[in-house]
Amino acid sequence: LYPQVTKVAKYLPDNIVTNDDLAKVMDTSDEWIASRTGIRERRVSLKETTSDLATGVAKQLIQGIDASSIDFIIVATMTADYGTPSTACLVQSNIEANNAFCLDVNAACSGFVYALSTAEKFLSSGSYNRGLVIGAETMSTMMNWEDRSTSVLFGDGAAGVLLENTSTEVRFIDELIQSDGKRSMALYAKENVDGNPFKENDDRVSSGMVMDGKKIFDFALRDVSKNMINILEKNEEFRDSLDYVLAHQANVRILEAISKKTKIPMTKFLHNVAKYGNTSAASVPLLLVEKVEDGTITLGSNQNVILTGYGAGLTWGSILIKL
Ligand SMILES: O=C(O)C1CCN(c2ccc(-c3cc(CO)ccc3Cl)cn2)CC1
């Protein structure tokens, strides 16, 4: 019995904020944002919390199956509704998965990769057979909306997978999961702030995200490229038949730079940052869902894919998987 991704789903707040919408509330422009990041629009939740978004994903993932057969729910998020209870516990209550144990994983933009790696161990140990792994963020609650250099980069959203012990062949090939706490102050955020310029009662405070953009860019280029090269060199049959790279969607220029450094053609780097901005732990699963929906990826067809997250912590990590 081997763990397999058998279903994917996404859930996004309806409210779309374009670069021009941002230019109306802060000193920025569509030209600046689009040329430096590739981002053209993002979602900003007006009423839904991170647990609401994650619940929207979970309800789709359990369609057609008995909620009481879910053994665990892992939600990867850095924008949890509460310090406690976990967002995963709130999802459990909303979908009545009464036999599941629930936990959140906070590994920022690497969160989904860390959570998927954890879930795979739960299943391959034979202790459990079915779980939900969801990346969900309301980054709009973590922004310093006075800081145009960061608040234009991020977006809200959620996506996830149903992971089950099913197939008779191994699909999780290898992983390389890393972190470096010494560089943790390159990207950090204090408590959640609730306001944003698009809400009626914008009761925001100017704490929120603090990012040393250059340091993070260099980290992503150097450490993430090395991670991908290492794992592909260790699994050379995989390297030669790699179909796609699904990397954290922070900035299309960083993907181009990693493509150059790893010598993996840019055509293999799938991307949708233009539509959603940087949705942190939701970005890798959101990209996966969109590419399943548009037929680029077909679950069960043995496509060789590398899932890579990277972000605050600093954390980064890749999973080689046959989908
Ligand atoms: O070109 C410019 O002036 C600016 C330069 C700074 N930029 C950055 C810098 C860092 C990130 C980023 C963030 C995370 C966190 O998820 C992870 C990975 C990355 Cl590479 C995204 N954009 C925007 C354009």
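## Terms and model

A residue is called buried under 20% relative accessible area, exposed over 50%, and partly exposed in between (1.4 Å probe, protein chains only). The structure is a predicted model, in which local features need pLDDT of at least 70 and side-chain atom pairs count only at pLDDT 80 or more, while totals for chains, interfaces and linings use all residues. Residues are numbered from 1 along each chain as its sequence is written, and side-chain values use heavy atoms, with hydrogens and water left out.

Lys263 is exposed because its relative accessible area is 72%. This residue is placed in the loop between helix 9 (252–262) and helix 10 (273–276); helices (H or I, at least four residues) and strands (E, at least two) are DSSP runs numbered from the N terminus. Although Lys263 is not a glycine, its phi is positive, at about 60°.

In soluble globular proteins, nonpolar side chains tend to be buried together. The largest nonpolar core here has 44 residues, of which Met228, Leu232, Val245, Ile306 and Tyr310 touch the most other members. Helix 7 (213–234), strand 11 (244–247), helix 9, strand 12 (304–311) and strand 13 (315–322) each contribute at least two residues to this core. The greatest contribution is that of helix 7, with 7 residues. A core of this kind is a set of buried Ala, Val, Leu, Ile, Met, Phe, Trp, Tyr and Cys residues joined through side-chain atoms within 4.5 Å.

## Salt bridges

With a salt bridge defined as a side-chain nitrogen of Lys or Arg within 4 Å of a carboxyl oxygen of Asp or Glu, the count comes to 16. Arg183 takes part in a salt bridge with Asp180, where the closest N and O atoms are 2.6 Å apart. Arg183 also meets Asp223 in a salt bridge, at 2.9 Å from N to O. The latter pair links distant parts of the chain, 40 residues apart: Arg183 lies in the loop between strand 8 (172–179) and strand 9 (187–189), and Asp223 in helix 7. Arg183 is partly exposed at 27% relative accessibility, whereas Asp180 is buried at 19% and Asp223 is buried at 13%.

Asp294 and Lys291 form a salt bridge with an N to O distance of 3.6 Å. Asp294 is partly exposed, at 46% relative accessibility, and Lys291 is buried, at 15%. Lys10, Lys275, Glu290 and Glu293 are linked in a network of salt bridges.

## Backbone features in loops

The peptide bond between Thr84 and Pro85 is cis, with omega about 10°. Pro85 belongs to the loop between strand 4 (72–76) and helix 4 (87–95). A cis peptide bond also runs from Gly313 to Leu314, with omega near -10°, and Leu314 is in the loop between strand 12 and strand 13.

Glu96, a residue other than glycine, has a positive phi near 55°. Its place is the loop between helix 4 and strand 5, and Glu96 is exposed, with a relative accessible area of 55%.
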